[in-house]
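Welcome! Here is a short tour for anyone meeting this structure for the first time.

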Amino acid sequence: MDGMSGNAWLPLMVVASALLPGLIIFGLPEEKVRLRTVLNLSGAFAKIFFTGWMLWGVYHGNSYEMRMAFLPGLDLVLRADSLSLLFIALSSVLWLLTTVYAIGYLENSPHRSRFFGFFSLCVTSTSGVAMSGNLITFLLFYELLTLVTYPLVVHRGTEAARRAGQIYLTYTISGGALLLLGVVWLYAITGTLEFSPQGILYHLDTTYHPALIAIFVLLIAGLGVKAALVPLHGWLPEAMVAPAPVSALLHAVAVVKAGAFGIVRVVYDIYGIDFAAELGVTGPLAMLAAVTILYGSLRALAQDNLKRRLAFSTVSQVSYITLGVAIVGPLATIGGVVHLVHQGLMKITLFFCAGNLAETLGIHKVREMNGVGRRMPWTMAAFTLGAFGMIGVPPVAGFISKWYLGLGALEAGEPWVIPVLIGSSLLNAAYFLPILHRAWFRDPPDSWPVMRDTARDFGDKETAWALLLPPVITALLALFAGLLASTWFSPLEWVQLIAQRAFYH
Amino acid sequence: MSSLLAIDWGVIAILLPLAGGTACVLWPALSKPAGLISVTGVVLAIAGLGWRIMENGIYRHAVGGWGAPLGIDLFADGLSLIMLIMTALVGLGISFYARRYFSPRDAVRFWPIWLFLLAALNALFLSADIFNLYVTLEMTGLAAVALTALTGRIDALGGAMRYLLATLLGSLAYLLGVALLYHDAGSVDIATLAQRIQPNAAVWTALGLMSAGLALKTALFPLSFWLPPAHASAPAPVSALLSALVVKASFYILLRLWLELFGDFAQGASMLLGLLGAAAILWGSLQALRQTRIKLLVAYSTVAQIGYLFLIYPLASAGNGIAAGMAAYLAFSHALAKSAMFLAAGNLMLFGGHDRIADLDRAVQRLPLTVAAFALAGVSIMGLPPSSGFVGKWLLLDAAMSQGRWDLAVVMIIGGLLAAGYIFKVLGYAFTQAEVPHDARAVPAGMEWAALLLAIGAILLGFMASEIFALIAVDLVVNADEAGTVWTA
């Protein structure tokens, strides 16, 4: 292992903080609830601690890199740059909250050691994806993420879960195969896969350009499966059979974000945004993202199942990131990349709330939500904030993203994006506002839907604390990310730093 | 320390299992301890040999003091060493599994034959001439057939019979090739042959006969018809030995012949081998996907995985060192993963009393270590990271892409997808409840751990590619001035 000197161990610690508890938890007997909880939480806090340390360091110009030999001519590289730290910070905070939520959600349910073991491995892979310093390391963690999320998707062990699992794998493994093909091809041409600020391809002869375009298509298709770009999004609504904390994590930080993050890396750090624009691949990518944004929203309108409606909303929202990346200009980049964080905060809130409704009152469908705001005011308040954010109502975080995307589109001379943004916001409103209207303004039914067989009685309480606190906190974070966007510690400020490094080198 | 270095570890690696096997025959009651001691001893001997090779370069030992071309030479370079390490480690894992697996009645048959097989394999990987290779290959084949027929059940006997015919026919073809080469060049020593043979009609005929015979024994599609029934009907540890080690023996000989004798002029034949390999990947994977029983699924997966080994031939123009490294790495990776998979399948059979995939009945909760072993081995088989299967596939893909062999690259990618299909077919049913739930039978922890450790080995090997290539490369350097390194004890 070379490169282990100096600052190499911090990226390793971030990965290990999720990996080690996960491996230990696999070996724990079911009934060791307390020890498992301690392990989970200490891992989550350790990750926040190490992430904070690196954030501080990178802000002050330090760099953190771990490198070890892997293949002939290719190293495994974990590196913390400003972009990876954005993703890592998001995943650390949301991992902690989701862990708390999952502990509450799965109380007394079977196979929790297996669940939390894979849950931790899922966070491990996400950390690896975020800190990958080259495309081979990225590929490794990206595929690992597929493997460790599968047991979470089929966790319930029903026939429906098994089928959903097969669909999930059919999409993700095929995507992985395309990605692998693209990466090998790229490597055969360039002999390097290192992420670097202006990309690694601009010096290549123009005879390579057709091949580079084909590779771009392969890479984006491979990443687009996880990022749920239309028409590769089919797995996402199916994967809804998973338990709520899994859906929350999958949608907000882990799987779809790994895809979107990969697109950011490929466009900026492999191709380089200027070179990608010169190749003419950014325009079609932006179009694809725009189509996905509108299509996801349209499909969401028609869903009565709450989790499925949220799933199609994810399809739409994640593509804002791709859209921002594909529009060539610093402002659009800021809008896209900051949405990585904003969408995460808002969407995890919505899924936590959906889980609370299902767990507490047995509500799974939109039409069962009449008057639920009176029974569960805190949950629905958080849901409302999240929904407003998705629509883009100021000052919630989603507004900031859309504002920068719009400005960026105008700056880059792509005015067609504005109607897309407006149309999407109208559609967002059309599928979220009826939910809010039902929840707050209609009368509650005489009794709530029957709960599942492991009925839990919360009496007069809204729900368990462990289920209530996480969505309230994430909703507030989404609010403050918008409200305090111009302060030095906001995600927006950090993303401006990233965009500066991408454009003004 | 230097006295330890001077020991002829290669000789020990052959004689120790022979002695152990003889002891098993003489004193059947002691066969289990004798077997375990011998196998552990072989692991140590191979470690000693590896140390010696790393210190002194290529290992040569003239048995009885008669060197080539008259006597029998033992010879080991990096490629042989890797095959020996593979045999020793996988054999150790399977032995610890077999310790608990066999009833006393079967155990007294299993141990002596397995130890003879181990001796034959070690001798084969240590041989430097094509006639010795024939003798050891024949011993390997006969021991393997005997193991297949071990239980004496009807299906096992049928599988063994077909296997016997295939293996005899294969060796016969190989032997004819040996005779032709000896007649043409006047030697059976590979190094001598390499200097003497020219492409002529006799050499071409020898090439055809030897390749066909070895391809039959390695079960290269379409000569793979005998493998699924033989491997699926044998007891689990035997299936593991056959799939992981025995098919590698004939593959190794073919690789040696190609690297040292035929590779320079037989480009067309290389292409043919590659084509068959590609067909094997597709056909074997599709067949595996169709199976409803785990052991047959795993056996067809072997047919497919052997296909990957043969893709090396058309891609070998990257250089012998790289080709040998890739071959050794892929073989090692497959040996670990496939043995783990067969052992896990054996556990699942013991646990449920059957190996129907659709009735796995929550094995993931009731037999987690075994399912973990199957899953980890499966990750390597389908070539997903982080595993040795991924690294092996990456090396092949990289070679294919740099040589513009798109067809081969696409076949490899499709093969990976199909493999994911059949692996996750098993894993998906391991999560669900069967329609008719059944009671689980206990599986000894040692058998679960043996499978899991082999599977973990297949994952960890994924981080040791540079070590494997370094072993191969050390030899290439030493080869350059061989005179200084040929020495006998």
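Two residues are in contact if their C-beta atoms, placed from the backbone, lie within 7 Å. Among contacts in chain A between residues at least 6 apart in sequence, those joining residues at least 24 apart make up 81%. Please keep in mind that this is a predicted model.

**Chain A as a whole**
- Chain A contains 20 helices and two strands.
- For 505 residues, a compact globule would have a radius of gyration near 23 Å, and the 22 Å of chain A agrees with that.
- Along the principal axes, the C-alpha atoms of chain A fill a box of roughly 70 × 55 × 45 Å.
- Buried residues account for 60% of the 505 in chain A.

**A pair of helices in chain A**
- Helix α1 (residues 9–26) of chain A and helix α2 (residues 33–59) of chain A have axes that come within 9 Å and cross at roughly 175°.
- Because angles over 145 degrees count as roughly antiparallel, α1(A) is roughly antiparallel to α2(A).
- Residues making this contact include Leu10(A), Met13(A) and Val14(A) from α1(A), and Leu39(A), Phe50(A) and Trp53(A) from α2(A).
- The residues of this contact are 12 nonpolar, five polar and two charged.

**Where chain B touches chain A**
- Here 25 residues of chain B are in contact with 26 residues of chain A.
- On the chain B side, α18 (388–402), α19 (406–431) and α21 (465–480) each supply at least two residues.
- The most comes from α19(B), with eight residues.
- This side of chain B divides into 16 nonpolar, seven polar and two charged residues.

Terms used. Residues are numbered from 1 along each chain as its sequence is written. Chains are lettered from A and ligands numbered from 1 in the order in which they are written. This is a predicted model: local features need pLDDT of at least 70, side-chain atom pairs count only at pLDDT 80 or more; totals for chains, interfaces and linings use all residues. Axes are lines fitted to C-alpha atoms, for helices over the stretch in contact, and angles run from 0 to 180 degrees between N-to-C directions. Helices (H or I, at least four residues) and strands (E, at least two) are DSSP runs, numbered from the N terminus. Angles under 35 degrees count as roughly parallel, over 145 as roughly antiparallel, 65 to 115 as roughly perpendicular and the rest as oblique. Ala, Val, Leu, Ile, Met, Phe, Trp, Tyr, Cys and Pro count as nonpolar, Asp, Glu, Lys and Arg as charged, and the others, Gly among them, as polar. The radius of gyration is taken over C-alpha atoms; the globule rule is 2.2 Å times the number of residues to the power 0.38. A residue is buried if 20 or more other C-beta atoms lie within 10 Å of its own, exposed if 12 or fewer, and partly exposed in between; C-beta atoms are placed from the backbone.
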